[in-house]
Amino acid sequence: MPLIELATVRLHPSLSSSPSPLPSSFSELWTKCLDIASSASGIPFQLYHSSSPSPSTSTSTSSDAQLFYLLGGWQTADDHIAFLSTPQAVDLAKAIGQFMTVDIVRHMDGDIVSLLGGAEQQINQTGLNDLL
């Protein structure tokens, strides 16, 4: 069964408190990660930066600017687990760790391709531990 993956990742405080933009190596690394995950799964992965509403319309905090959302999918849970155990996935996780920490990872039964195409889909949320 296809699997949707949604993760929230947070910039390290040293990067988010800096007035300078993120280093180019951040974008280069994430581009590489997204390409590798997309290639391994056959489904496009995307990274989104949290956009905070204007201060007058929300109680949003500055920590929202530290959040990024990873969205993608896998053909099966077994494919995902097999990818996570590869040396390449381990190396990528270590490289991402220099910039960010993972807040939450959620997996849902469903086909992200169909979902994005407008097809209605029943989605059942499960934790990663349930897949292992």
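Student: Which element gives the largest share of the lining of the largest pocket?

Tutor: Happy to start there, keeping in mind that this is a predicted model. The lining draws at least two residues each from β1, α2 (24-41), β3 (67-74), α3 (77-84), α4 (87-97) and β4. Among these contributors, the largest share, six residues, comes from α4.

Student: What is the volume of that largest pocket, and which residues are the closest to its centre?

Tutor: The volume of the largest pocket is about 570 Å³. There are 25 residues in its lining, and the closest to the centre are Glu 5, Leu 70, Leu 84, Ala 93 and Ile 96.

Student: Why does Asp 103 count as partly exposed, and how does Arg 10 count?

Tutor: Buried means under 20% and exposed means over 50% relative accessible area. Asp 103 has 35% relative accessibility, so Asp 103 falls in between. Arg 10, at 22%, also counts as partly exposed.

Student: Is the aromatic pair of Phe 26 and Phe 68 stacked, edge-to-face or tilted?

Tutor: Good one to work through: a pair of aromatic rings is described by the distance of the centres and the angle of the planes. Here the rings are 5.5 Å centre to centre, with 55° between the planes. Stacked needs an angle under 30 degrees and edge-to-face one over 60, so this pair is tilted.

Student: Why does the pair of Phe 26 and Phe 99 count as edge-to-face?

Tutor: The ring centres of Phe 26 and Phe 99 are 5.4 Å apart. Their planes meet at 85°, and because that is over 60 degrees, the pair is edge-to-face. Phe 26 belongs to helix α2 and Phe 99 to the loop between α4 and β4, so the pair ties together parts 73 residues apart in sequence. The angle that decides the class is 85°.

Student: Which residues form one aromatic cluster, and are they buried or exposed?

Tutor: Phe 26 has a relative accessible area of 5%, Phe 68 has 7% and Phe 99 has 6%. Each value is under 20%, so each residue counts as buried. The cluster is formed by Phe 26, Phe 68 and Phe 99.

Note on methods:
Residues are numbered from 1 along each chain as its sequence is written. This is a predicted model: local features need pLDDT of at least 70, side-chain atom pairs count only at pLDDT 80 or more; totals for chains, interfaces and linings use all residues. Side-chain values use heavy atoms; hydrogens and water are left out. Buried means under 20% relative accessible area, exposed over 50%, partly exposed in between (1.4 Å probe, protein chains only). On a 1 Å grid over the protein atoms alone, a cavity is a set of points where a 1.4 Å probe fits but cannot get out, and a pocket is an open set with protein on both sides within 12 Å along at least five of seven lines; lining residues have an atom within 4 Å of a point. Grid points are joined across faces, edges and corners, and a volume is the space filled by probe spheres set on the points. Helices (H or I, at least four residues) and strands (E, at least two) are DSSP runs, numbered from the N terminus. Rings of Phe, Tyr and Trp (its six-membered ring) pair if their centres lie within 6.5 Å; planes under 30 degrees apart count as stacked, over 60 as edge-to-face and the rest as tilted.
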